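Hello,

Here is the structure for you to look through. My notes follow below it.

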Amino acid sequence: MEPVDTDVTGPDEHDGDTSFGGQAGDEPDGAPTLGDLLLAVEELWPESLAEGWDEVGLVAGHPAAPVTKVMFAVDPTLEVIEEAVEWGAELLITHHPLLLKGVTSVAATTPKGRAVHRLIESGTALLTVHTNGDSAVGGVSDVLADALGLQDVAPLTLAANGLPEEGIGRVGDLEDAMTLGDFAARVFGILPSVAGGVRVSGDKDGLVRRIAVCGGAGDSLFNEVRASNADVYVTADLRHHPASEAREAALNGRPYLVDVSHFASEWLWLPAAAAALGNVLADQGHDVEIQVSATNSDPWDFILTPG
């Protein structure tokens, strides 16, 4: 497998080259099995790092089936599944689970049932890497922190079954202080373009340097953010009451809040995850083509703003 390239654009800006290793159309002899892929994924993102409420791991697929193409995506939506099937992926790895809550039927009369049927009928396996992908070294928040240029990064909360550098969320420092307005512009610039954009709470001209981040919904971590002495907290899905209460509890207005798209904050991890898996498989002598989904699964299409 050739070296992978992690410098890719957001899902609305793809130039058509989102592959990681291998050549389209190649079908190498002795392809690894899905079981081999599961071992490689476990090496990178151990299931033991997943939160107790989470559901991660193999959702559909036979461990003995050969795998030559793998697609990474944030969400296992029907559109993403169709993209994977059309490309010929034998394995779709998504960050979000398809079956997080219990179901009593997977009949094709429901969206989740149609997804399960399409996966099985097309021979496409589905694997979920969720909070284990958040917590692991090189996970969602690590990638977000790195993209923002943070240094001396540490977890906001330690993983119960992990290393000291593993856990949910990250906090670190910018090389130089900057205004909140300029920092928010940096956040906007690194994320794929989505309808919701970036919302900011705080003094636009206030200087910031210590930054806390949590890819995905992170409004349960405000106590940890305050304890970290962060000037700013970057996360997604901030609801009215938690955000309002955080502002009321802020010391000298801090931490300021930067609210981003859930999808966009986690999409950044996909190219890095694809590269990491490609490297592990290459080290094991496997030649697998890995691609990041070009589907924007952010649920919002447009936004109206004053002025």
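Helices (H or I, at least four residues) and strands (E, at least two) are DSSP runs, numbered from the N terminus.

Two cautions first. This is a predicted model, in which local features need pLDDT of at least 70, side-chain atom pairs count only at pLDDT 80 or more, and totals for chains, interfaces and linings use all residues. Residues are numbered from 1 along each chain as its sequence is written, and side-chain values use heavy atoms, with hydrogens and water left out.

Buried residues in H10 include Trp-269, Leu-270, Leu-277 and Leu-281. Buried means under 20% relative accessible area, exposed over 50%, and partly exposed in between (1.4 Å probe, protein chains only). Just after H10, Gly-285 has a positive phi of about 85 degrees.

**Aromatic pairs**

There are four aromatic pairs. Rings of Phe, Tyr and Trp (its six-membered ring) pair if their centres lie within 6.5 Å; planes under 30 degrees apart are stacked, over 60 edge-to-face, and the rest tilted.

Phe-72 and Trp-269 have ring centres 6.2 Å apart and planes at 80 degrees, so this pair is edge-to-face. Phe-72 sits in strand E3 (residues 69-73) and Trp-269 in helix H10 (residues 269-283), 197 residues apart. Both Phe-72 and Trp-269 are buried. Ring pairs also join Trp-45, Phe-72 and Trp-269 into a cluster.

**Salt bridges**

The model has six salt bridges. Each is a side-chain nitrogen of Lys or Arg within 4 Å of a carboxyl oxygen of Asp or Glu.

- Glu-82 pairs with Arg-118, with the closest N and O atoms 2.8 Å apart. Glu-82 is in helix H2 (residues 78-87) and Arg-118 in helix H3 (residues 111-122), so the bridge ties together parts 36 residues apart in sequence. Glu-82 is partly exposed at 36% relative accessibility. Arg-118 is partly exposed too, at 28%.
- Arg-199 meets Asp-259 at 2.5 Å, N to O. Arg-199 lies in strand E8 (residues 199-201) and Asp-259 in strand E11 (residues 256-260), so parts 60 residues apart in sequence are tied together. Asp-259 is buried, with a relative accessible area of 9%.

Best wishes
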